[in-house]
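Work through the exercises below with the model open. Each task is followed by a solution in steps.

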Amino acid sequence: MSITDIAGTFELHNGVEMPYFGLGVFKSKEGQEVVNAIKWAIDAGYRHIDTAAIYRNEEGVGHGIRESGIDRKDVFVVSKVWNNAQGYDSTLKAFDESLRKLKMDYLDLYLVHWPKGHPRSTETCKALEHLYRDGRVRAIGVSNFLQHHLETLLPHCEIVPMVNQMEFHPKLIQQPLLDFCTEKGIVYEAWSPIMKGEVLEIPILQELGKKYDKSPVQITLRWDLQKGVVTIPKSSKKERIESNAEIFDFELTGEEMAEIDSLDQGYRTGPDPDNFDF
Ligand code: NDP
């Protein structure tokens with residue numbers, strides 16, 4: 001797999017090309033903060049933006065994309081249905097509301113934000129399938145679905161989700177889940193890929209950073225992509241948005257990839273999908 005370009009893509013199982021590098025906007029404030037982040041990101045070459053209804057910044061995301069001057073079709077826009085909107089009709093309504101705020105007429109990817117258990121998530125996924133068939137979304141997927149959540153869901157799906165967005169970083173790999181998704185044709189995507197900045201303190205990443213003249217953040221983001229995992233680091237600071245994307249001029253060796261893999265200890269910075277009280 002060659003990872004050479006910020007606008008490079010992984011192919012989803014329906015043939016849609018998903019840019020493997022994007023900007024996360026969780027906690028980017030609605031208004032000028034998120035508008036600026038989007039414009040700086042697009043200027044730096046980002047072609048994928050990850051928002052969600054619950055981030056309450058979809059209006060700013062849409063605004064930033066329009067102000068950047070980029071063609072809508074050249075940016076991959078993702079949003080997610082929040083837990084209180086799960087169910088068939090409520091998901092369709094939530095999707096309309098996201099599009100209204102974004103001022104867009106389609107999304108590139110729409111995700112179920114968290115599993116809510118059968119039959120709730122199943123009904124939500126059926127609504128996503130409906131939106132997909134109607135051509136209002138180019139791809140559909142899930143987030144925070146562990147293997148048992150997927151095993152419960154998949155028999156009820158007519159369309160296998162194209163993406164599973166999970167917490168993923170050197171201290172939380174969940175390789176069996178990643179392998180399960182790969183086997184089902186589901187692209188794996190990393191949230192909190194730099195552990196909200198905590199990777200800066202990890203000695204192995206600092207050492208590799210010295211070798212390549214990169215920061216531990218850049219080493220980590222490069223490792224994501226070489227593992228075949230889509231990554232969406234968040235920053236609302238111009239310099240970080242730019243430097244986080246400077247990862248296309250070096251390549252980690254197989255041995256270095258394994259060294260980073262060995263940091264895995266099942267450590268979560270966010271909620272466990274099995275015990276998320278929502
Ligand atoms: P990240 O691992 O991307 O870390 C973001 C934090 O790190 C911010 O506080 C940011 O601060 C800081 N940061 C960014 N770049 C650097 C840098 N170069 N050096 C030091 N610190 C840095 O965490 P997120 O939780 O934001 O995850 C990324 C995205 O994933 C989210 O924005 C969201 O889109 C998605 N997500 C999805 C979830 C889900 O349930 N599906 C859950 C959580 C996130 P600053 O802005 O000040 O630069």
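The structure is a predicted model.

**Exercise 1. The core**

Task: Find which residues have the most contacts inside the largest nonpolar core, then list what Phe21 touches.

Solution. Step 1: The largest nonpolar core holds 91 residues. Step 2: Those with the most contacts inside this core are Phe21, Leu23, Ile38, Ile65, Tyr110 and Leu150. Step 3: Leaving out residues up to four places away in sequence, Phe21 touches Ile6, Tyr46, His48, Leu221, Leu225, Thr231, Pro233, Asn244, Ala245, Ile247 and Phe248. In soluble globular proteins, nonpolar side chains tend to be buried together.

**Exercise 2. The sheet**

Task: Give the strand order of the open sheet of eight strands and name its edge strands.

Solution. Step 1: The order is S3-S4-S5-S6-S7-S8-S9-S10, and the pairing is parallel. Step 2: Strand S3 (23–24) and strand S10 (230–231) each pair on one side only, so they are the edge strands. Step 3: Within the sheet, S8 (residues 163–167) pairs with S9 (residues 187–191) over five bridges, in the parallel sense. Gln165 is placed opposite Glu189 in S9. Step 4: Helix H3 (residues 88–102) lies across S5 (76–81) and S6 (109–112), and runs at about 140° to S5.

**Exercise 3. The cavity**

Task: Count the cavities of 30 Å³ or more and say what lines the largest cavity.

Solution. Step 1: The count comes to one. Step 2: The largest cavity contains about 50 Å³ of space. Step 3: Its lining is made up of Cys125, Leu128, Glu129, Ile140, Gly141, Val142, Cys157, Ile159 and Pro161. Step 4: Helix H4 (120–133) and strand S7 (140–143) are the elements that give two or more residues to this lining.

Methods:
Residues numbered from 1 in each chain as written. Predicted model: local features only at pLDDT ≥ 70, side-chain atom pairs only at ≥ 80, totals over all residues. Heavy atoms only, no water. Pairing = 2+ DSSP bridges. Helix = DSSP H or I, 4+ residues; strand = E, 2+ residues; numbered from the N terminus. Contact = heavy atoms within 4.5 Å. Axes fitted to C-alpha atoms, helices over the stretch in contact; angles between N-to-C directions. Core = buried A, V, L, I, M, F, W, Y, C linked by side-chain atoms within 4.5 Å. Buried < 20%, exposed > 50% of the residue type's maximum accessible area, 1.4 Å probe, protein only. 1 Å grid on protein atoms, 1.4 Å probe; cavity = no way out; pocket = protein on both sides within 12 Å on 5 of 7 lines; lining within 4 Å. Points joined across faces, edges and corners; volume = space filled by probe spheres on them.
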